[in-house]
Amino acid sequence: MPGTEGRKANSPHPDGGAPRAVPRSERRERARRTAEVMRALQTITGSRPKLDRPTTSRLAKGQVAWSEVPEVHEALLEGARAAIDDWNPDAAASLAKLLRTGPPEPEAGRLSGIVALLSGDPDAAEKHFYQASQGTGSVARRHTNARRAVEELQQFLDFRARILALEGPEDLEDLRELAASVSITRRKKADAAFGRYLVACLTQGVEGPLGDLLDEFADSGRMAALTARPGQLDLAVENAEYVAADADHAGALHLLQGTFRHYGVVSERYLLALGTALSALSRYDAARRAFRIAGPGVGSARAAHVAWIIHDDESAHALARRAIRHDMPRSSVRAVLARSENPVTPPEAEAPTGGMGHVAFYVPRGENFGDIVLPDAVRDAITEPAGAVDWVPFHAHQVFDDEFVRIANAQRALVVGGGGLFLPDTSPNANSGWQWNVPAASLDAVKVPVYAFAVGFNLFTGQQFKGDLFRRSLVAFTTKAEFVGLRNTGSMERVRAMLPTELHDKVRFVPCPTTVLEHIRPGLPAGRSGSGTVLLNAAFDRSERRFGGGYANFLEQIVEFTDKASKGGAEVRIAAHTRGDVKLAKDLVDAHDLTLPVDELHYMDQADALGVYRQASLVIGMRGHATMIPFGVGTPVLSIVSHPKMRYFLEDVDRLDWGFDVADADLGVRLAERTLDVLAREDDYRADVADRQQVLLPHVRAAAADVAKA
C-alpha cells in the first residue's frame with residue numbers, strides 16, 4: 001500500500017480512497033478556534049451566522065475549520081467592517097486578529113492594516129497592507145502601494161481628528177457630525193462628507209485652521225467628490241450673480257449658502273460667485289480660498305487680486321503667475337503681477353516724509369485712459385500753488401491698514417481723489433462701502449489733514465447703496481475731512497442728502513481737474529482747429545444699465561450718424577479709453593459692415609493721447625472722461641448721456657444742449673446735425689469751451705490752494 005507521507009490531512013488518497021483522518025489534536029484546535037470566533041461574533045455583533053445542522057456538527061467536531069465555511073468567514077469580515085465603521089477599534093482589532101488565524105487573504109489583510117492604523121501603529125499597518133497584496137506585482141511595487149495606502153488612510157484620520165478638534169459654526173453641527181461618523185473604509189463618502197462640512201464653513205466666511213484644512217483638502221485632489229454635474233448649479237448661481245450685480249453682496253452670499261446646503265456640491269462658477277461675495281464683504285481670506293480652489297485659471301487670477309488687496313504681495317505674485325501659466329494672460333492678471341513686484345506704495349522704511357499722501361485709483365498704461373490721466377491732474381492742480389511736492393501714492397482699493405496709516409501720518413496731508421469713488425460696485429468692500437477701502441479704525445487713526453478732491457457720486461440711475469454702511473462711512477469721512485470736494489453739483493446734492501445738516505458746509509464744489517487741464521499742466525501739445533476729425537467714444541461697462549436692452553438700436557443710430565457726418569466732411573474715428581471700448585468698432589463691422597479707424601488712447605503715452613484730443617475738431621463721449629478730458633484741453637465736446645454724471649457736468653457748465661440721451665430714437669440724426677454745426681463754426685465752439693473752463697477753474701484753484709496750506 002502506498003505511503004501517505006507528505007499528504008495533507010483530509011486530502012484525497014492517491015488511489016482515490018477516503019481522505020486521511022485529521023489528527024485529534026488538530027480537530028480540537030479547530031473546534032476551539034471556531035468556538036472563539038462564534039463567541040466573538042455573538043459578543044461584538046450580537047449574532048452569529050445561521051448554519052445547517054451538519055455544518056454546525058462538523059465545525060463543533062473540528063472536521064472543518066471556520067474559515068472553510070463561507071457563512072462564518074463572511075460574518076467575521078462583516079463584523080470587522082462594521083466595528084471599523086462604528087469607530088470601535090477594540091472590537092475591530094479582536095475580529096481582525098481572529099481573521100488572521102485563517103489562511104492569508106487580501107481583505108483580511110486590508111482590514112488588519114486599517115485596525116493597526118486606528119491603533120496608532122503605521123508600521124504594522126504597512127506590513128498588513130503589503131501582505132494583503134501578495135501576488136499583485138513586484139516586491140517594490142507592493143511596498144510602494146502599501147506605503148501609499150497608509151499615507152492616504154493616515155491623512156483621512158488626520159482630517160477627521162482635526163475636524164473634531166476644531167469648533168465650527170453651530171448651525172453646521174449636523175455636517176460636522178456626519179463628517180466625523182463616516183467610516184474610514186468608505187473613502188468617497190468620507191471625502192464628500194469632509195468637503196461638504198469644510199465648504200459649508202467657507203460659505204460662512206470661516207477662516208483660520210478650518211480654512212487651512214480646506215486648502216489641504218483641495219490640494220490633495222479631494223474636491224472631485226463635491227463636483228456638480230454640468231449645469232446643475234447654473235440657475236441658482238445666476239440668481240446670486242444677479243443680486244450681486246445690484247451691489248447686494250450679503251444677499252448674494254445668503255443665496256449661495258442656501259444653494260450649497262441644498263445641493264451639497266460646487267462648480268467653478270459657484271466658487272467664483274462665492275469668492276466675489278466674500279471679497280465684497282471684506283472676508284478676504286475666505287474669498288481668496290474660494291477663488292483658489294475654483295481653478296488654476298480665472299480662480300487663481302481673482303485670488304491674486306484679493307491677495308494684493310490685503311498686501312500679501314508674495315501670494316499675489318505666485319497666484320498671478322499660476323493664472324498666466326494656465327492660459328490667463330489677461331491684462332488684469334499682469335497688472336496684479338506688476339503691482340506685486342513694484343507696489344504702488346513704497347514700504348514704510350523707504351517712503352518719503354513731509355510730502356502729500358494721495359489715495360487714488362492707479363492704473364498702468366493699457367488700462368482706462370481716464371484713470372491714467374486723473375491722478376496726475378489732481379497733483380498738477382495742487383502743485384501749482386504748493387510748489388514741488390513729494391507725493392506718496394496709496395491705491396484706493398487696497399486695505400488702508402496700519403502701515404498705510406503710519407506712512408500717511410508722516411506726510412503733511414492726505415488727499416483722496418479724484419474720480420467716481422462714491423460707487424458701491426467697482427471695488428466693493430465692507431470696510432467703507434465705497435472705493436476707498438478704509439476701515440473705520442484706520443480712518444480714525446489718520447492724524448494729518450484729509451481732503452477729498454474732485455470725487456464723484458457715481459451711481460447709475462436706479463442704482464443704490466445697500467444697507468447703511470456707506471452712509472455711516474460717509475459721515476465719519478466727512479467729519480474727519482477738512483472738506484469733501486465733489487466734482488459736480490449733482491454729486492453735492494446726493495451727498496448732502498445723506499449727511500446731517502451740521503456737515504453740509506464741508507461739502508464744496510471742486511470740479512475734476514481734467515476739465516481745466518490746459519491751465520494747470522504746462523507744455524501740452526498745441527490744439528488745432530479745422531482738422532475735421534470727430535472722435536466717438538462708447539462705454540460698455542455695466543452695459544445693461546447704460547443701454548437698457550437697446551444696444552442694437554444704438555448701433556443703428558451710430559451708423560446713421562456716421563453716414564450723415566461723413567457726407568458732411570467729417571472723418572469719424574473711435575476713441576477708445578479701454579480695451580473694452582473697441583467693442584464698438586467690432587460690432588459696427590459685424591452688424592453693419594461699417595469700419596471705423598480706432599485710436600486706442602489707453603495704449604499711448606499720455607502726452608500723445610492728449611495730443612489726439614487736442615487736434616480733433618470734436619469729441620463725442622459716453623465716458624465721463626471722454627468728455628471732460630477733451631473739454632479740459634480746449635476741444636469742443638458733445639456727450640452721449642448714459643449716466644447721470646454726464647448731465648451733472650453739462651449742468652455745471654450750463655450747456656445741457658451738448659448732451660444727447662443714449663436711448664433717443666433720433667440720436668443719429670441729432671448728433672449729425674450738431675456735429676456738422678460744430679465743424680462749420682469750430683472756432684466759436686472752441687471759444688465757448690474756453691469760456692466754460694473759466695466757470696470751473698476758480699473752484700479748482702481755490703481748493704488746491706487750501707490743500708497747499710497744509
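**Notes on the predicted model**

1. Helix α6 and its cover. Among what covers the buried residues of α6 are α5 (106–118) and α7 (139–165). This is a predicted model. Helix α6 spans residues 122–132, and its buried residues are A125, H128, F129, Y130 and A132. One of these, Y130, also has a charge over its ring: the charged end of R142 sits there, 4.0 Å from the ring centre.

2. The ring of F483 has the charged end of R508 over it, at 4.5 Å from the ring centre.

3. Aromatic pairs. The count of aromatic pairs comes to 21. One of them joins W436 and F477, with 6.0 Å from centre to centre and 80° between the planes, and it is edge-to-face. This pair links distant parts of the chain, 41 residues apart. W436 is in the loop between β4 (419–422) and α20 (440–445), while F477 is in helix α21 (residues 469–480).

4. A stacked pair. Y551 and F554 have ring centres 6.1 Å apart and planes at 25°, and the pair is therefore stacked. The cut-off behind that label is planes under 30 degrees apart. Both residues belong to helix α25 (residues 551–567); they are 3 residues apart, which means a separation of about one helical turn. Y551 is buried at a relative accessible area of 18%, and F554 is buried at 2%. A pair of aromatic rings is described by the distance of the centres and the angle of the planes.

5. An aromatic cluster. Which residues form one aromatic cluster? The members are F394, F400, F404, F422, W434, W436, F457, F470 and F477.

6. The cavity. How many cavities of 30 Å³ or more are there? The count comes to 1. About 60 Å³ of space lies in the largest cavity. Its lining is made of R487, N488, G624, M628, K645, M646 and F649. Helix α29 (residues 644–652) gives the largest share of that lining, 3 residues. Sorted by class, the lining has 3 nonpolar, 2 polar and 2 charged residues. Rolling a probe the size of a water molecule over the atoms shows where empty space is left.

7. T259. This residue lies in helix α12, which covers residues 249–263. T259 has a relative accessible area of 9%, so T259 is buried. Neighbours within four places in sequence set aside, T259 is in contact with L233, A236, G264 and Y270.

8. Backbone points to check. Most residues other than glycine have a negative phi, and most peptide bonds are trans. The peptide bond from G417 to G418 is cis, with omega near 0°. G418 is in the loop between β3 (413–416) and β4. A247 is not a glycine, yet its phi is positive, about 70°. A247 is found in the loop between α11 (234–245) and α12, and is buried with a relative accessible area of 9%. S282, a residue other than glycine, also has a positive phi, near 60°. S282 lies in the loop between α13 (268–280) and α14 (284–294). At a relative accessible area of 18%, S282 is buried.

9. An exposed loop residue. Where is A388? A388 lies in the loop between α18 (369–386) and β2 (391–395). Its relative accessible area is 80%, so A388 is exposed; the limit for exposed is over 50%. From C-alpha to C-alpha, A388 and T45 are 87 Å apart in space, and in sequence they are 343 residues apart.

How values were computed
Residues are numbered from 1 along each chain as its sequence is written. This is a predicted model: local features need pLDDT of at least 70, side-chain atom pairs count only at pLDDT 80 or more; totals for chains, interfaces and linings use all residues. Side-chain values use heavy atoms; hydrogens and water are left out. Helices (H or I, at least four residues) and strands (E, at least two) are DSSP runs, numbered from the N terminus. Buried means under 20% relative accessible area, exposed over 50%, partly exposed in between (1.4 Å probe, protein chains only). Contact means heavy atoms within 4.5 Å. On a 1 Å grid over the protein atoms alone, a cavity is a set of points where a 1.4 Å probe fits but cannot get out, and a pocket is an open set with protein on both sides within 12 Å along at least five of seven lines; lining residues have an atom within 4 Å of a point. Grid points are joined across faces, edges and corners, and a volume is the space filled by probe spheres set on the points. Ala, Val, Leu, Ile, Met, Phe, Trp, Tyr, Cys and Pro count as nonpolar, Asp, Glu, Lys and Arg as charged, and the others, Gly among them, as polar. Rings of Phe, Tyr and Trp (its six-membered ring) pair if their centres lie within 6.5 Å; planes under 30 degrees apart count as stacked, over 60 as edge-to-face and the rest as tilted. A charge sits over a ring if NZ of Lys or CZ of Arg is within 6 Å of the ring centre and within 35 degrees of the ring normal.
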